[in-house]
Amino acid sequence: MILIIFEKNINMTMDYNNILDMIVENVKPISGNKRYWLIRTQGGELFDTFYENNFVGLDHQAISLGELSVLRTRYLDDFKFHSAIKEAVTDFYTEDLETGEKSLADRTITLIANQIYKFYRQVKKGDIVIIPSYSSTKVAFGEVLESNIASFNEGELRQFDHSIQFLNKRVKWIKEFDRRDLDPNIFKMFTAHQAINEVNKYAHVIERTLQDFFILDNKAHLIINVQQRAEINARGLFGLGNNFLDILDGVIAHLEIEGVDTNDFQVEVNINSRGKIDLKSLSKKGTVIALITLSVFGGGFEYGDFSLKTEGLVGFVQAVGNAISDYKDREQTRNMQVQIFNEYKRKLDVKNVDDMIKVMKQIDENKDKPK
């Protein structure tokens, strides 16, 4: 285990409120333009192909990519473009031109046209895609790398069946999960059975599956992961929350943090055995101080085999962390409180929060990006 190395050039006379405001200002929220898509894999048949070759796609043959490009050049208005796609799909499935008899119902034709339009026009770079395997025993989450349809070279095409080389977009897979390790709320969106489904209403569930600290819809979320597989003891669960909020009250008072009240926190709990506690608040400053406090009291600044030499704002985070650490060790009664917290944490097998790193990475990666 490697300790994070921290710079010493911190102005310790700076007010902690100013430090927290600076951190909050630089932690960018999730863009309101980001969308989330559930993409089916033909009953799991295409799951490995998509995952191993880093793309997602639709296997519709009613209209070629070349035809789509021509239609898009001709119809820049999205409504007219969508109508043109539907007309082309209708023509493809019309068996008798004289009678207009179709091999598919009008409703199915409209559904196919809608799917093609969504994938071609609405799935954008930076969006999140979710793909399930057979019976959803595995689920993969990835980030779309391009807004345009992918163009594969011959070497790439040899890796998978040419029949699915129709509408594809490259993806950087973030993580693959076993079904038992996923938030049960994830599976509510699987009731939609179309090839492509927008699932924006599950954004907060998806984001808390992928990261432990984020700001979405002007609300900051801090995720506490409970790893215990046995049934959860109610006293242990509520004791952990109450004890942590008591500790946080003490930290807020000690550092004289303004405008933060633990009564403003909301919590969403979804754990039968292992699961997640979503501590959220409109106060971003409050959630950031909660994150740093949990990092200090929940195991310190050690993160597996990851090492980091901090610069700039990361040092300010450590300044707050050092102050909280000093507060943590100051009095015997407080040490007893910490022991109680650690005991609850042990009983629930709560994973240490590692998102000090993620917060700083988010700052570094997003500070120059347009939002």
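In this predicted model, Arg40 sits over the face of Phe190, 5.7 Å from the ring centre.

**Aromatic pairs**

- A search of the whole structure gives 8 aromatic pairs.
- Phe50 and Phe55 form an edge-to-face pair, because their ring centres are 5.3 Å apart and their planes stand at 65 degrees, where over 60 counts as edge-to-face.
- Phe50 and Phe55 are both buried.
- The pair of Phe141 and Phe177 is also edge-to-face, because the planes meet at 90 degrees, with the centres 5.5 Å apart.
- Phe141 belongs to strand E6 (residues 138-144) and Phe177 to strand E7 (residues 167-178), so this pair ties together parts that are 36 residues apart in sequence.
- Phe141 is buried, and Phe177 is buried too.
- Phe47, Tyr51 and Trp173 make up a cluster linked by ring pairs.

**The second largest pocket**

- The second largest pocket holds about 290 Å³ of space.
- Its lining consists of 15 residues, and those nearest the centre of the pocket are Gly241, Asn242, Val267, Ile277 and Leu279.
- Helix H8 (234-255), strand E11 (266-271) and strand E12 (275-281) are the elements that each give two or more residues to this lining.
- Helix H8 contributes the most to the lining, with 7 residues.
- Sorted by class, the lining of this pocket has 11 nonpolar residues, 4 polar residues and no charged ones.

Note on methods. Residues numbered from 1 in each chain as written. Predicted model: local features only at pLDDT ≥ 70, side-chain atom pairs only at ≥ 80, totals over all residues. Heavy atoms only, no water. Phe/Tyr/Trp six-rings, centres within 6.5 Å; stacked < 30°, edge-to-face > 60°. Buried < 20%, exposed > 50% of the residue type's maximum accessible area, 1.4 Å probe, protein only. Helix = DSSP H or I, 4+ residues; strand = E, 2+ residues; numbered from the N terminus. Lys NZ or Arg CZ within 6 Å of the ring centre and 35° of its normal. 1 Å grid on protein atoms, 1.4 Å probe; cavity = no way out; pocket = protein on both sides within 12 Å on 5 of 7 lines; lining within 4 Å. Points joined across faces, edges and corners; volume = space filled by probe spheres on them. Nonpolar A, V, L, I, M, F, W, Y, C, P; charged D, E, K, R; others polar.
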